[in-house]
Amino acid sequence: MLDDSDRRLLRHLQADPEQPVAALAAAAGIPVATCYKRLDRLREAGVLRGQRAVIHWPALGFAVEVSLRITLDKTNPRAFDEFHAAAREVPEVTEIQTFLGRVDVRLTVIARTMPHYQEVYRSRILTLPHIADIEALMHVATIKDAQALPL
Amino acid sequence: MSPPSRTRRPCRYDPPMIDLDESDRAILRALQTDATLKASELGRRLDLSQSATWRRIKRLTDAGVIAGRRLDLDTDKLGFGVTVFLGVKLATKGRVSLEDFERAVTAIPEVQTVQHVLGLYDYRLRVIARDLSDFERVLRRRIMTLPGVGNVEANVLLSEERRPGPIG
């Protein structure tokens with residue numbers, strides 16, 4: 001369904017989502033009108049679902065980021081659903097991921113300071129249902145955050 | 001902890017920090033879902049003028065709160081069916097090892113994110129691949145051959161949900 005021009009287009013677009021279509025067309029080496037048409041087609045096909053603004057939490061004072069790797073009590077068949085629903089209610093949780101592997105669920109939790117994190121951890125994380133075990137990885141630095149696809 | 005590397009992004013979160021009011025929060029929530037919203041449309045929704053909305057977006061962008069945009073692509077439809085998170089422990093540590101590892105790992109196209117962490121592992125990597133055998137190729141040929149790499153733990157991503165965060 002996708003040809004090389006589509007891939008090239010997406011490659012350039014993901015490198016700079018805000019560029020005007022004219023610039024994108026020039027970079028991808030296709031005429032502007034074709035570029036519009038291809039973008040429309042990619043949207044219609046659901047390949048290009050949209051663009052999201054990235055919030056840099058430290059700029060809002062959330063300097064602490066912790067990755068919590070959680071093992072759930074799988075003897076309860078509702079464990080995943082109930083945990084998920086409860087985790088959604090915690091405002092400081094920015095990501096919920098589920099896994100196949102040693103870890104069942106991972107939460108990204110942000111906080112203003114370490115004491116604030118401690119408070120969130122005790123009052124809102126440890127109270128989540130069906131937790132069997134938690135491991136924390138404290139985020140020190142982001143070395144690469146492209147999240148671009150190797151198209 | 002590693003000394004700051006020259007290749008790293010500058011910290012954009014030094015003061016001045018900005019305060020948000022309810023309209024700012026609503027703007028951020030909306031742009032998190034659709035960054036292509038025009039100030040006019042956003043203003044209409046929030047009962048603000050176009051120019052007032054534009055000024056607020058500019059202020060949030062200048063303060064580094066809005067740190068850019070990301071395409072929301074259907075990875076499955078593009079042929080990338082597998083995302084794996086790797087926890088990597090370095091076998092050898094020291095400034096040189098960290099920098100060598102970081103330089104080599106960021107150059108791998110399938111590695112989407114690299115985070116330096118404290119805890120059970122030294123680095124957290126997000127790796128995308130076409131399928132499990134493609135992932136195995138990346139793991140064997142590119143990850144396991146990285147300088148200083150020690151213990152590696154893999155967890156295959158089943159589902160992912162991004163939450164708006166504490167601006168709700």
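User: How many residues of chain B are in contact with chain A?

Analyst: This is a predicted model, where local features need pLDDT of at least 70, side-chain atom pairs count only at pLDDT 80 or more, and totals for chains, interfaces and linings use all residues. Residues are numbered from 1 along each chain as its sequence is written, while chains are lettered from A and ligands numbered from 1 in the order in which they are written. Two residues are in contact if their C-beta atoms, placed from the backbone, lie within 7 Å. Chain A brings 57 residues to these contacts, and the count for chain B is 59.

User: Which element gives the largest share of the side of chain B that touches chain A?

Analyst: Elements are DSSP runs numbered from the N terminus: helices (H or I, at least four residues) and strands (E, at least two). Among those giving two or more residues are helix H1 (22-33) and strand E5 (149-162) of chain B. The largest share is 10 residues, and it comes from E5(B).

User: What is the bridge partner of A:Glu95 in E5(B)?

Analyst: Strands pair if DSSP finds at least two bridges between them. Strand E3 (residues 93-100) of chain A and E5(B) run antiparallel, joined by six bridges. For A:Glu95, the partner in E5(B) is B:Arg162.

User: What distance separates the centres of the two domains of chain B?

Analyst: Domain bounds come from an automatic or database domain assignment. Here that gives domain 1 (22-62) and domain 2 (82-156). Taken over C-alpha atoms, their centres are separated by 38 Å.
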